[in-house]
Amino acid sequence: MSFRRMLVANRGEIAARVLRTCRALGIETVQAVSEADVLSVPARLADHVVVIGPGPSGASYLDVDAVVNAAVASGADALHPGYGFLSENADLARACGRHGVTFVGPSVAVLEAVGDKLSARDHAVAAGLPVVPGGQAGTPADAFEVAERVGYPLLVKAVGGGGGRGMKRVDAQEDLQRNLELAMAEADAAFGDPRVYIERYVVSGRHIEVQVLGDGDQVIHLGDRDCSVQRRYQKLFEEAPAPHLDDDIRSSLRAAATALAGQLRYRGLGTVEFLFDRARREFYFLEMNARIQVEHPVTEMVTGLDLVAEQIRVAEGHPLRLTQDDISVTGHALECRVNAEDWQADFRPSPGTVTAAAFPVGDHVRVDTHIQSDAAVPPYYDSLLAKVIVHGSNRDEAMAQMAHALRRCRIEGVATTLDLHRRLVEDDEMCLGGVDTMFFTRFLTRQESLSDATVGA
Amino acid sequence: MANIELVDVSLRDGNQSLWGATGLRTAQILQIAPAMDRVGFRALDYTSSTHMGVAVRNFREDPWERIRLTRQAMPNTALQFIGTGFRFISWETAHPDFMQLVYDRLVVNGIDRVVVLDPMHDIDAAVESARMLRRAGVREIIGALVYTISEVHDDAFYARLAQQMAACPDIDRVYVKDPAGLLTPERARSLLRAVRAALAGKPLELHSHCTIGLSPITYTVAADLVDVLQVACGSLSNGSSLPDAQRVVANLRELGHTVDVDDRLLGKVADYFNRLAEAESLPSGTPQEYDTSFLRHQVAGGVLSTTRRQLRELDMEPRFDAVMEEVGQVRAELGYPIMVTPFPQMVCSQALFNVIGTERYANVPDQVIRYVLGNFGRPAGPIDPDVRDRILGLPRARELAGEPPAPTPAELRKQFGSLISDEELLLRATMPADQVDAMIASGPAQRHYTPEAQQVLRLVDHLAARQDLAELTVEKPGLSITARYRKESVVDA
């Protein structure tokens, strides 16, 4: 099968990115847009445009019926969901199947298997992946037994709770009894269930993920990425490969990722996310994302592949054209996510109109964006404006290239995180590499004290 | 009514016929490769040893890299290499082990279909080539029946060859190759029927150039008798190239045949070559008028455009018609070699020397001497005795007669060392060292090409090369662009 017309069911930079590959492959494109995106760059890049609903995403990009109807009405034989929105939605995949439209993503069964955290964890355990050690305890005696196995520091959480409520960190055995009693009493009072879950606490962890690609039969990995620079679980800066990682750890991570994808008979592009415990030099499975990732360009830069093209190819039912031996990682790639946010005002979103925009071009620079002068940044969607990506022969060179590239970016009319990134790539700890997920908080504190000092001076 | 498949020849024969093989660089191929891969072509006539040599000589691009990158960009469509079984890039006859190495490396780099073509129609040589190709792992091997008009080349002659190819387990299919575009609809009907009957079920393809405007019509008749028609796209079709794919598809469907290709995409591919031709000031193929005199010299499209280019480089383009006239004469004197590589080049070079020199056969290229010495096999007809004596009487003929046999890969390894790849060895063995050195020094080829950007890029290159300009300003109402010459480190500030 060869797709002839693709509906792009997403917006922003990823829509433009998918359109670019479709155009290179010669696939006719239909861009699904909300009323707020009618004049967007993706709408102008596509061969055809279908309006699927009003601005708010619940009535457009998140409306399964509207999206499927757009595909059917426009005669598309395939649908690319991008990331976010309905990209991992089994109902959309199912509806596509019913209407004879190929969903560019994994099977419904796989979407359901990895979409649910508990089921994903079960699959990971079955595939032999390490997960954060832990266990349930109904009595203090049980709790001590679990704690013995988990080690310290650990977290005690209410089984009935969620969102961090009733969570206690315990650093040593002598503190367990007291915290346990407290936690169980609180849990009983708050949720009517005194049971607790005890889990290993990772003091300093890195977010490392492995890109996988499967055809439903064979699975390969396309190397790893480090996405530890995060603010409230939102990634801001990503790189490939993960820096300062011992070879044995790196190969274990990659093997674990392909083991899980193999167990799932995975077809499509996916990412297996891990938490790497810096002190213990161990890693644990977090979750699997069954779609293309925002940060896929860093993998493309170091492998020389077009991941969207590979994704489309397996969705068309072709077997993998690459074997693991064909994959080699060359140099180092970095990506900065430039958002329309006022980072000095607690990252407040800054929708509006971009009055002027200019981005660097060059052999080792790539900017994935849907922003140009006069582009609208509607208030309804996430604030990603552009991804600035560089590729160097090593990390130091890439960092210097990123600093250079960021200096050449200009976005006016809305507040952006450009300046934050400029400072980020000058930061000593960042330049050293291999930071943990708490790094960004430390970095921000340093920035604040720096600007305080400037104000004081 | 039949289901007809298409093989597209734009990148190789189209480029060779209309642009003297010098039209397409790696980036220009890669830019359109993913789309071409999805049109639904059965295969692409992709490269030849001539094209590989041109990549090195004219563009300093690694032809092996080009094959690998194209294969990456088009995983679905077979990529064809065409060559005669006894030479690679250089015009000299190569050692069989050397040819085996060529085939091995072609397959490893991404070629999966190869034409078996013996210009003397020596079936034993063709079978031997096919065996070597199969050993190298070539997936589809296609035997060529080179069409020409002569007393010996009747339908029975081709049917006999077809039967022998049908019996060869290493030849998977056969095509009638009409390099000079001589096949009329009438002859196609009888020839293709005879060949088809002899093939015992092996698929048959037709490849006929548009040189005198016959093939677009011949194809409508041939559709009932072949499985595949070979075509070209946009600017790379017509002229002395092959029939235009879009026109062929439309005609076939009009006649009730089915052709399963993506029409929109086919249009995009044609459009790309049109835009490229315009951006690079390359000629577009146009529908041809019938020309009876052509039946005399029978020179294929690629050789015509190469000869014209050579004359232009010598500032002697007005002598083109005289050279063509001489080609007919030389061909007769050399015993009517069939006009397929390397013989048209050989005949044309000799004709060129005869026209621009002071005396006919005063200057004779080595390959003509080798031909007369019998190095390529037995000529189809007798060589004119006077010409033969004159050529064999040259001191160079005695040197060539005493030539040592072609070196084996092992001997070449001794000469060029063990540190280079097989691919580089094959280039170094067949090309001047300075050309290969320059290619390697140039590094990897560009990967992207946008026709519309070329003018601006040429302007920028030109300006960047000027040392006497500090500033350039372009102004018109509502627009002012100023470019200043500064050192890179300063731009950053």
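Colleague: What span does helix 1 of chain A reach from its first C-alpha to its last?

Modeller: In this predicted model, local features need pLDDT of at least 70 and side-chain atom pairs count only at pLDDT 80 or more, whereas totals for chains, interfaces and linings use all residues. Residues are numbered from 1 along each chain as its sequence is written, with chains lettered from A and ligands numbered from 1 in the order in which they are written. Helices are DSSP runs of H or I with at least four residues, numbered from the N terminus, and the expected span is 1.5 Å times one less than the number of residues. Helix 1 of chain A (residues 12-25) has 14 residues, and against an expected 20 Å it reaches a close 20 Å.

Colleague: How many residues of helix 1 of chain A are buried?

Modeller: A residue is buried if 20 or more other C-beta atoms, placed from the backbone, lie within 10 Å of its own, exposed if 12 or fewer do, and partly exposed in between. Among the buried residues of this helix are A:Ile14, A:Val18, A:Cys22 and A:Leu25. Helix 1 of chain A is mostly covered, and of its 14 residues the number buried is 11.

Colleague: How far apart do the C-alpha centres of domain 1 of chain B and domain 2 of chain B lie?

Modeller: The bounds come from an automatic or database domain assignment, which divides chain B into domain 1 (5-279), domain 2 (294-401) and domain 3 (458-491). For domain 1 of chain B and domain 2 of chain B, the distance between the C-alpha centres is 25 Å.

Colleague: Which helix gives the most to the side of domain 1 of chain B that touches domain 2 of chain B?

Modeller: Two residues are in contact if their C-beta atoms, placed from the backbone, lie within 7 Å. The contact between these domains takes 28 residues from domain 1 of chain B and 24 residues from domain 2 of chain B. On the side of domain 1 of chain B, the most residues, four, come from helix 1 (residues 10-19) of chain B.

Notes. Helices (H or I, at least four residues) and strands (E, at least two) are DSSP runs, numbered from the N terminus.
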